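I set out below what I looked up in this structure, entry by entry. The sequence and the model come before my notes.

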Amino acid sequence: MSFERDAIRQRIEHVRRRIAEACTAAGREAQEVTLLAVSKTKPEAAVRAAYAAGQRDFGENYAQELRRKADALQAEASDLRWHFVGPLQRNKVRHVVGRAKLLHSITTAEQVAAIEQRAASLDVVQDVLLQLNLSGESTKAGITAEAAAELVRRCEQATHVRCVGLMTMPPPVADPRRNAPYFEQARRLRDELGGPQRLPHLSMGMTDDFEVAIEHGATIVRVGTAIFGGR
Ligand SMILES: *Cc1c(COP(=O)(O)O)cnc(C)c1O
């Protein structure tokens, strides 16, 4: 166990160094980029190890897994922030609203309505990102630029849902530089929709391409494998 703890600590430190270097290369401040440790399918012990190494933001893909881990760690790690990054079914909304600081993967008006209802009943304001699929890559969930503009308006009409940015997840590629155009498209769309004042966050970049994403304006990078090992 302690070997695993040390390994997770070292990997987090290594990823943080790479983030800092990518920021320097892009003329940005390292504090502009939040490292989100994606702990899906990993045991609570792995989350504890990362937390002990100073990591505070964690991402989960499955609503019930987020709920289980959040409730298990609540008492010992009250400043830990959960993020939901997976596809969100309507009947799972109740598990994540109020527990997750940020929902990264909103794609429909029905989701916004369900989140609004749940957040109102808890008397909280739920921050969300809209997940894009700009390139027309068919495999991943996500919405077009036009649909994103419409959903931003929907969120502005809601009183308990606040849209704070965009998320994108390009397909895996052998050469991470090939994802640069997707990241650039996301940033341009964010600027068309009102810029960083209105939509401060761009959640983009994973283990294989987070440095490229940082070069193109990412404010949150979602890193799983480079921290917790393979799944
Ligand atoms: C699993 C996952 C990640 C992390 O992927 P790695 O390649 O392991 O870093 C990031 N974002 C989302 C939405 C994921 O599902």
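**Entry 1: Cysteines**

I looked up C23 and found that C23 is buried, with a relative accessible area of 1%. I use "buried" for under 20% relative accessible area, "exposed" for over 50%, and "partly exposed" for values in between (1.4 Å probe, protein chains only). I note that this is a predicted model, in which local features need pLDDT of at least 70 and side-chain atom pairs count only at pLDDT 80 or more, while totals for chains, interfaces and linings use all residues. Residues are numbered from 1 along each chain as its sequence is written, and side-chain values use heavy atoms, with hydrogens and water left out.

I then searched the whole structure for disulfides (pairs of cysteine sulfur atoms within 2.5 Å) and found zero. C155 is in no disulfide, and its nearest cysteine sulfur, that of C163, lies 4.9 Å away. I recorded C155 as buried too, at a relative accessible area of 3%.

**Entry 2: The ligand**

Which residues surround the ligand? I listed V38, K40, N61, V85, M169, M206, T207, R222, V223, G224, T225 and R231, where a residue is near a molecule or strand if one of its heavy atoms lies within 4 Å of it. By class, I counted five nonpolar, four polar and three charged residues in this shell. Ala, Val, Leu, Ile, Met, Phe, Trp, Tyr, Cys and Pro count as nonpolar, Asp, Glu, Lys and Arg as charged, and the others, Gly among them, as polar.

I next looked up distances from ligand oxygen atoms. One oxygen atom is 2.5 Å from an N or O atom in the side chain of T225. A polar backbone atom of G224 is 2.8 Å from a ligand oxygen atom, and an N or O atom in the side chain of N61 is 3.1 Å from one. The protein covers 92% of the 390 Å² of accessible area that the ligand has on its own (Shrake-Rupley method, 1.4 Å probe).

**Entry 3: The whole chain**

I noted 10 helices and eight strands in the chain; these are DSSP runs, helices being H or I with at least four residues and strands E with at least two, numbered from the N terminus. Of the 231 residues, 51% count as buried. Along its principal axes, the C-alpha trace spans about 50 × 40 × 30 Å.

**Entry 4: E146**

I located E146 in helix α6, residues 145–157. Is E146 buried or exposed? E146 is exposed, with a relative accessible area of 60%. Its C-alpha atom is separated by 30 Å from that of D57, 89 residues apart along the chain.

Conventions. A polar contact is a pair of N or O atoms within 3.5 Å; within protein, one must be able to donate a hydrogen and the other to accept it, and residues adjacent in sequence count only if both atoms are side-chain atoms.
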